[in-house]
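Hi,

Here is the structure I promised to pass on. Have a look at it first, and then read my notes below.

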Amino acid sequence: MENIGEVKKLLSVPKDIVITSHRNPDGDAIGSSLALYLYLNKLGHTVRVIFPSEYPHFVSWMPDAEKIIIFDIEPELTESTIKRADIIFSLDYNSLDRIDKVGEMIRPLPCTKIMIDHHLNPDYFAEYMLSEPSASSTCELVYDFIEMLGEKDKLDIPIGECLLTGILTDTGSFKYATSPKLFKIVASLLELGVDDTKIHDFVFNSQNEKNLRLLGHCLKDRMEILEEYQTGIIWLTRRDYEYYDIQRGDTEGIVNFLLKMKNIKIAAFITEQPTIVKISLRSKGDFSVEQIAKKHFKGGGHKNASGGSSYKGLKSTLLEFKNILAEYKEEINA
Ligand code: 5GP
Ligand code: MN
């Protein structure tokens, strides 16, 4: 981040600070937001975390998770809190479009905006940006941010637990986007006393019977393999959502099972939501699913993990996706 000295100066007197992250927050969104929140609290600032929509149950153990303001539940409190802020942080998203109505509230405000994010193609709406697509996670960047401020001594176990959560979820337990630097950061978190096995259990081993039955259903009856495109698709209908009583976070990670097949390079998880069809894309190797998400589904993300949406209905979206794959056939099989 350029001008880190200016940020340090800004943070040297108590401020009213709002930390925002994206809709359907994942482990990295919540981990990075709460880690930064805990750190800024320690400096004596007044800090609030705001998400557009609710967070999944597997992160409810995190410190002060219950204090997070959810726009969908408390729109007025969201607006008054945002309007009061001296500084607004944008974490784990890089365009105000990603947070819809909350973004519209933030856009016109004259307060200082700071982005910390690792997605491709940022919008330049923030005065200060730590935008680093090569980073594993926003949690890694929050660690870097605290280090740049010369404040590593403020890190403690709760902050470290939040940071490790986002690192674990965004790297799929150190399977993707790792680097020597990341492992050094994780080593320093363990040195602080963070219990990695405990966090791993909280995040990945907290499923119930219903979750495993749903996974079985996806793999047995909702999976299609398109050999000529080295692609696997799993889809879910609205009725599946009712039958399995699928809640926020219940489908997390299902898309990755497709990548376990040796000959699969691209994985798609396509689900029928109340008003849209949501598309989650993953890839192994050089093929960028970000280009598909961005060009065809009004989305984006990373080279190997992206998402988007469609208003066309489930059947049409599945067909459309297969037609799009045909366009990329040569590149996929290169
Ligand atoms: P997921 O498939 O887990 O929902 O998301 C994978 C990645 O794609 C995440 O980094 C997420 O931020 C990004 N992503 C998912 N959906 C969207 C979307 O609708 N728009 C954009 N710009 N990015 C998305
Ligand atoms: Mn992330």
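Let's start with histidine 22 and aspartate 26, whose side chains are joined by a polar contact of 3.5 Å. By polar contact I mean a pair of N or O atoms within 3.5 Å; within protein, one has to be able to donate a hydrogen and the other to accept it, and residues adjacent in sequence count only if both atoms are side-chain atoms. The side chain of histidine 22 also makes a polar contact with the side chain of aspartate 92, at 2.9 Å. You'll find histidine 22 in the loop between β1 (16–20) and α2 (27–42); helices (H or I, at least four residues) and strands (E, at least two) are DSSP runs, numbered from the N terminus. Histidine 22 counts as buried, at 4% relative accessibility. Buried means under 20% relative accessible area, exposed means over 50%, and partly exposed is in between (1.4 Å probe, protein chains only).

Before you go further, note that this is a predicted model, where local features need pLDDT of at least 70 and side-chain atom pairs count only at pLDDT 80 or more, while totals for chains, interfaces and linings use all residues. Residues are numbered from 1 along each chain as its sequence is written, chains are lettered from A and ligands numbered from 1 in the order in which they are written, and side-chain values use heavy atoms, with hydrogens and water left out.

Now the ligand. Of the 13 residues around ligand 1, the ones that come nearest are Arg98, His119, Lys278, Ser280 and Arg282 (a residue is near if one of its heavy atoms lies within 4 Å). Arginine 98 has a polar side-chain atom 3.1 Å from an oxygen atom of ligand 1, and histidine 119 has one 2.7 Å from an oxygen atom of the ligand. Taken alone, ligand 1 exposes 500 Å², and the protein buries 78% of that (areas come from the Shrake-Rupley method with a 1.4 Å probe; for residues, only the protein chains shown count as cover).

Which elements give two or more residues to the shell around ligand 1? They are β10 (277–283), β11 (300–301) and β12 (305–310), and β12 gives the most, with four residues.

On to the rings: a search of the whole structure finds six aromatic pairs. Rings of Phe, Tyr and Trp (its six-membered ring) pair if their centres lie within 6.5 Å; planes under 30 degrees apart count as stacked, over 60 as edge-to-face and the rest as tilted. The pair of phenylalanine 89 and phenylalanine 145 is edge-to-face, because the ring centres are 5.9 Å apart and the planes are at 75 degrees. Phenylalanine 89 lies in strand β4 (residues 87–91) and phenylalanine 145 in helix α5 (residues 138–148), so the pair ties together parts that are 56 residues apart in sequence. Phenylalanine 89 is buried, at a relative accessible area of 0%, and phenylalanine 145 is buried, at 0%.

Phenylalanine 174 and phenylalanine 183 form a tilted pair, 5.3 Å centre to centre with 35 degrees between the planes. Phenylalanine 174 is partly exposed, with a relative accessible area of 28%, and phenylalanine 183 is partly exposed, with 41%.

Cheers
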